[in-house]
Amino acid sequence: MPEHIDLEAIAGATGAHVIYRKLDGCAARLVAAGDRAVISVAIDDNLGRRRFSLGHELAHWMQDAQRTSFKCSSADIGPQNAEAKSIEADANSFASQLILPDYLVWPWVADRKPSLDLASAMGGDFQASLTASALKLLQRAKVPTAITCHDQRKLKWSRRSRDFSTDSYILNELHQDTIAFEMAFGSAKGLSRPKRESASRWISGPGTYRMEVWSQSIKLPEGSVLTMLSVV
């Protein structure tokens with residue numbers, strides 16, 4: 001069961017002691033000596049973020065044993081970086097699979113349609129972040145789907161399902177007629193209701209103006225806005 005994924009126990013079994021404390025300039029750090037290690041995780045992050053940070057450092061401890069110290073920033077740690085080719089990306093991929101293992105997640109998802117509502121429910125059951133849960137759902141989307149993260153200035157990152165057209169591009173700036181724009185620049189909070197709207201508010205490319213998407217957005221704690229887009 002999801003609640004049995006005890007990261008502290010996994011750490012202890014591999015010789016790592018976990019401490020939650022105030023950290024300056026990083027989200028988590030690993031200090032190792034021989035077959036023992038101390039993993040420090042920022043105590044002021046939310047539960048899902050703390051668990052992902054711990055999973056990330058466990059990856060360094062279990063897979064990068066030749067290194068004795070890692071100091072990982074918030075930019076290093078995150079499921080959206082799992083596709084890049086680097087030590088940090090490998091650690092993110094490891095953490096995602098540790099917290100949201102396929103053999104538990106896919107039976108849980110079953111035939112339910114991906115949405116941020118479903119990602120939120122998954123995050124609650126698996127004690128995972130909304131972002132990690134949404135990106136996991138992207139792997140099984142049956143229609144072209146994308147996850148975007150914007151701040152007030154630009155697109156911070158985006159990920160697409162396999163069948164999302166490579167000729168389509170996520171717009172760099174939020175369209176003023178989207179709920180995501182209201183969240184980024186106003187006081188709107190919480191999870192929006194799914195909305196059917198013109199795809200041209202979100203993407204550019206051949207035939208965009210004839211297309212529509214379902215969009216759903218939420219404002220993340222750091223102020224950026226996460227959106228799931230599904231092509232109609």
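Okay, quick one: when I say buried, I mean under 20% relative accessible area. And keep in mind that this is a predicted model.

Let's start with Ser-40, which sits in strand S3, residues 36-42. Is Ser-40 buried or exposed? Its relative accessibility is 5%, so Ser-40 counts as buried. What does its side chain pair up with? There's a polar contact of 3.2 Å between the side chains of Ser-40 and Arg-21. Setting aside residues up to four places away in sequence, Ser-40 touches Arg-21 along with Ile-19, Leu-23, Ala-27, Ala-28 and Arg-29.

Now over to another arginine, Arg-51, in helix H2, residues 47-63. Arg-51 is buried, yet it has no salt bridge. The nearest side chain of opposite charge belongs to Glu-8, and that's 5.3 Å away. So who does Arg-51 touch? Leaving out neighbours within four places in sequence, its contacts are Ile-5, Leu-7, Ile-99, Phe-126 and Gln-127.

Phe-126 brings us to the largest nonpolar core, with 44 residues. Phe-126 is among the members touching the most others, together with Leu-100, Val-109, Met-122, Ile-147 and Leu-226. Helix H6, residues 130-138, gives this core its largest share, six residues. There's also a second, separate core of 15 residues, including Ala-146, Phe-164, Val-213 and Val-225.

Last stop, Ile-147. Beyond four places in sequence, Ile-147 touches Ala-134, Leu-135 and Leu-138, then Trp-157, Ser-158 and Arg-159, and finally Leu-226, Thr-227 and Met-228. As background, nonpolar side chains in soluble globular proteins tend to be buried together.

Key: Residues are numbered from 1 along each chain as its sequence is written. This is a predicted model: local features need pLDDT of at least 70, side-chain atom pairs count only at pLDDT 80 or more; totals for chains, interfaces and linings use all residues. Side-chain values use heavy atoms; hydrogens and water are left out. A nonpolar core is a set of buried Ala, Val, Leu, Ile, Met, Phe, Trp, Tyr and Cys residues joined through side-chain atoms within 4.5 Å. Buried means under 20% relative accessible area, exposed over 50%, partly exposed in between (1.4 Å probe, protein chains only). Helices (H or I, at least four residues) and strands (E, at least two) are DSSP runs, numbered from the N terminus. Contact means heavy atoms within 4.5 Å. Lys and Arg count as positive and Asp and Glu as negative; His and the chain ends are not counted. A salt bridge is a side-chain nitrogen of Lys or Arg within 4 Å of a carboxyl oxygen of Asp or Glu. A polar contact is a pair of N or O atoms within 3.5 Å; within protein, one must be able to donate a hydrogen and the other to accept it, and residues adjacent in sequence count only if both atoms are side-chain atoms.
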